[in-house]
Amino acid sequence: MTGQLLQDTTVVRPVPRPDATRTLVCLGFCGGGTGSYRAWQPSLGEATDLALVCYPGREGRFAEEFAPDWDALAEDATDAVVRAAAAAPNRPYRLFGHSMGGWMAFDVTVRLAERGAPLPERLIVSSCNAPDRGVTERDRFPRLEDTEGHLVEWMRTIGLLPDYALDDPDLREMAIELMRADITVRDSYRPRHGVTTSVPVHVLYGEDDAVIEPAVAEQWARCATGGLRVDALPGGHFYTPSVWQALPDHFADADLEEGVR
């Protein structure tokens, strides 16, 4: 029973689809939880089972301590993806991560390969530079030293939390604590030199995202040895609201090639 409860709080399926032919497993971004991905269910349709990984310290895992650093969170996320895949062992899955979650998805894929665990059929990374660069000043967005007011404004602007939550002192304090914990994890990331993945990679980014480097395609090509596609979409770090709402439409059946598109 304990194991089932752990799975329920760590791998969240908003609308279980036992007859689906594919699973989409999503990893969270800095300061986020599973909520931002739940609205994707209509775009995915009946054929895709949506499995959302919840990190420690939030939602159903609120009573757990935040992960202290990148390695601890990556191990936790890898365990979660293994469980998500094991729930439907004969069903292929794709792994998605946005922003910090994109690096996490890449690292988890590498760790899965090292464990000999089932790999995703595709790795989809959104709004993140290539992980082999490490954390640069460009990637430190937002920053640990930012004021509470700046963090709140950032969360309000990107729609991470509704106004009622940010205007409530207790909810606001919890959101800031969560954001700072995730920033600390992100800033502790250290890439392992020369590590690549043979899983095909699809990179998405916003045309107006100041975080993304102009050479993002060439940089990701160093990390993806099994095929790569890079697509620019309208908007900034979280695209436009309409693009984010239907983001799965942009990667559902996209063809990947050796090289860059």
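Analyst: Start with a definition: buried means under 20% relative accessible area, exposed over 50%, and partly exposed in between (1.4 Å probe, protein chains only). Of the chain's 261 residues, 53% count as buried. This is a predicted model: local features need pLDDT of at least 70, side-chain atom pairs count only at pLDDT 80 or more, and totals for chains, interfaces and linings use all residues. Residues are numbered from 1 along each chain as its sequence is written, and side-chain values use heavy atoms, with hydrogens and water left out.

Now the pairs. Side chains of opposite charge can pair when their charged atoms come close. A salt bridge is a side-chain nitrogen of Lys or Arg within 4 Å of a carboxyl oxygen of Asp or Glu. The structure holds 25 of them.

Take Glu121 and Arg22, whose side chains meet at 2.8 Å, N to O. Glu121 sits in the loop between α5 (100–115) and β5 (122–126), and Arg22 in strand β2 (residues 22–27), so the pair ties together parts 99 residues apart in sequence. Helices (H or I, at least four residues) and strands (E, at least two) are DSSP runs, numbered from the N terminus. Glu121 is partly exposed at 30%. Arg22 is partly exposed too, at 25%.

Next, Asp107 and Arg111 form a salt bridge at 3.1 Å, N to O. They are four residues apart in helix α5, which means about one helical turn separates them. Asp107 is buried at 7%, and Arg111 is buried at 10%. Both belong to a network of salt bridges that also links Asp71, Glu75, Asp79, Glu114, Arg115 and Arg192.
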